[in-house]
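Hi,

Here is the structure I promised to pass on.

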Amino acid sequence: MSHTALIPSHRKPRRNASKTALRAGVAGGVLSTIAVAGAAGPAQAEPVTQTIEMPTITAGLSTAVAASAEATQQVALDLETQAHEEAAATTAAKAAKKAKAEAVRKAEAKKKAEAAAEAKAKEEAAERASRSAARTTLSASTGSSSSASATTSAATTSYTSTATGSAASIVAFAQAQVGDAYVPGGTGPNSWDCSGLVQAAYRTVGVDLPRVSQSQSTAGTQVSLSNLQPGDILYWGGAGSAYHVGIYVGGGQFVGAQNSSTGVVQRSLDYDMPTGAVRVL
């Protein structure tokens with residue numbers, strides 16, 4: 001036996017070499033297996049491909065959700081717009097109904113006013129006709145004294161007023177129209193009704209009187225028939241409801257557009273005594 005046979009360090013390298021070879025073989029087998037598995041891996045990669053496609057599916061779903069949200073918002077806007085339109089239509093319908101009712105009310109009021117004015121005009125015409133008939137009867141009953149009446153009438157017409165100022169202008173205008181025709185509604189220059197003549201006479205001095213006799217009978221201060229002055233307005237009937245007017249020219253006489261038979265005349269107050277008088281000047 002060698003003198004070194006019992007030394008362990010001289011035998012271990014051989015055992016270690018064998019183990020190392022064994023381990024190397026095992027490691028080589030494992031690496032080969034891994035290499036084979038790695039080589040076979042690409043042929044079985046389809047599940048991995050499906051996993052990669054998931055983001056595409058998620059993006060499409062996100063787009064669909066956004067489109068659905070936009071459609072829902074549009075529907076809400078459409079409903080809100082429809083509600084506003086319906087509210088506006090309801091308001092417009094109410095306004096139109098109110099305007100129509102107001103127009104109908106105004107039309108009815110206008111119709112009533114026109115009917116009242118027409119009735120008033122007819123009443124005034126009837127009163128004038130009645131007054132004319134009464135005068136005609138009076139004239140016929142006094143036919144036996146026609147010559148005296150003619151003389152009196154001539155004397156009356158020839159009376160010259162002593163009025164001055166604005167009253168003189170009014171009297172002069174009224175007397176200048178004596179002999180003109182009487183026409184209902186006439187305002188000159190050659191035909192008159194009673195209130196049209198009075199209104200025109202006062203207009204010569206810048207006084208704008210109402211058009212009808214009813215209003216003219218209250219256009220000034222009421223005065224007594226015993227205290228008349230030239231230019232005073234005489235009226236027949238009640239104050240505010242007079243059916244005839246004339247102008248006092250002084251000397252107990254007046255000028256007036258009497259009726260279609262006589263036209264514009266100048267007569268004594270005794271010919272047709274007025275009810276009252278008003279003073280405008």
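Strands here (E, at least two residues) and helices (H or I, at least four) are DSSP runs numbered from the N terminus, and two strands pair if DSSP finds at least two bridges between them. In this pairing isoleucine 233 stands opposite valine 278 of β8.

Some housekeeping before the rest. This is a predicted model, so local features need pLDDT of at least 70 and side-chain atom pairs count only at pLDDT 80 or more, while totals for chains, interfaces and linings use all residues. Residues are numbered from 1 along each chain as its sequence is written, and side-chain values use heavy atoms, with hydrogens and water left out.

**The sheet**

The chain has six helices and eight strands, and from the N terminus on they run α-α-α-α-β-β-α-α-β-β-β-β-β-β. Six of the strands make an open sheet with antiparallel pairing, in the order β3-β8-β4-β5-β6-β7. Its edge strands, each pairing on one side only, are β3 (221-223) and β7 (263-268). On average, neighbouring strands of the sheet are turned by 35° against each other, direction ignored. (Axes are lines fitted to C-alpha atoms, for helices over the stretch in contact, and angles run from 0 to 180 degrees between N-to-C directions.)

Walking through the other pairings:

- β3 and β8 are antiparallel, with three bridges; glutamine 222 stands opposite valine 278 in β8.
- β4 and β5 are antiparallel too, with four bridges, and the partner of tyrosine 235 in β5 is valine 245.
- β5 (residues 244-250) and β6 (residues 253-259) share three bridges and run antiparallel; tyrosine 248 has phenylalanine 254 as its bridge partner in β6.

Buried means under 20% relative accessible area, exposed over 50%, and partly exposed in between (1.4 Å probe, protein chains only). In β8 (residues 276-279), Gly276 and Val278 point one way and Ala277 and Arg279 the other, again all buried. Over the whole chain of 281 residues, 24% count as buried.

**Helices on the sheet**

Helix α5 (residues 194-203) lies across β4 (233-236), β5, β6 and β7, at about 45° to β5. Nine of the ten residues of α5 are buried, so this helix is largely enclosed by the rest of the structure; among them are Cys194, Gly196, Val198 and Tyr202. Helix α4 also packs on the sheet, touching β5, β6 and β7, with its direction at about 115° to that of β5.

**The cores**

Which residues touch the most other members of the largest nonpolar core? They are Val198 and Ile233, in a core of 24 residues. (A nonpolar core is a set of buried Ala, Val, Leu, Ile, Met, Phe, Trp, Tyr and Cys residues joined through side-chain atoms within 4.5 Å.) Two or more residues each come from α4, α5, β4, β5 and β6, and α5 gives the largest share, six residues. A second, separate core has eight residues, including Leu228, Leu234, Trp236 and Tyr248.

For the chain, 56% of contacts between residues at least 6 apart in sequence join residues at least 24 apart.

**Rings**

I counted rings of Phe, Tyr and Trp (its six-membered ring) as pairs if their centres lie within 6.5 Å, with planes under 30 degrees apart as stacked, over 60 as edge-to-face and the rest as tilted. That gives two aromatic pairs. One of them is phenylalanine 173 with tryptophan 192, edge-to-face at 5.9 Å centre to centre and 85° between the planes. Phenylalanine 173 lies in α4 (residues 165-176) and tryptophan 192 in β2 (residues 191-192), so the pair ties together parts that are 19 residues apart in sequence. Phenylalanine 173 is partly exposed at 22% relative accessible area, whereas tryptophan 192 is buried at 3%.

Finally, arginine 267 lies over the face of tyrosine 271, 4.4 Å from the ring centre; the rule is NZ of Lys or CZ of Arg within 6 Å of the ring centre and within 35 degrees of the ring normal.

Cheers

How values were computed: Contact = heavy atoms within 4.5 Å.
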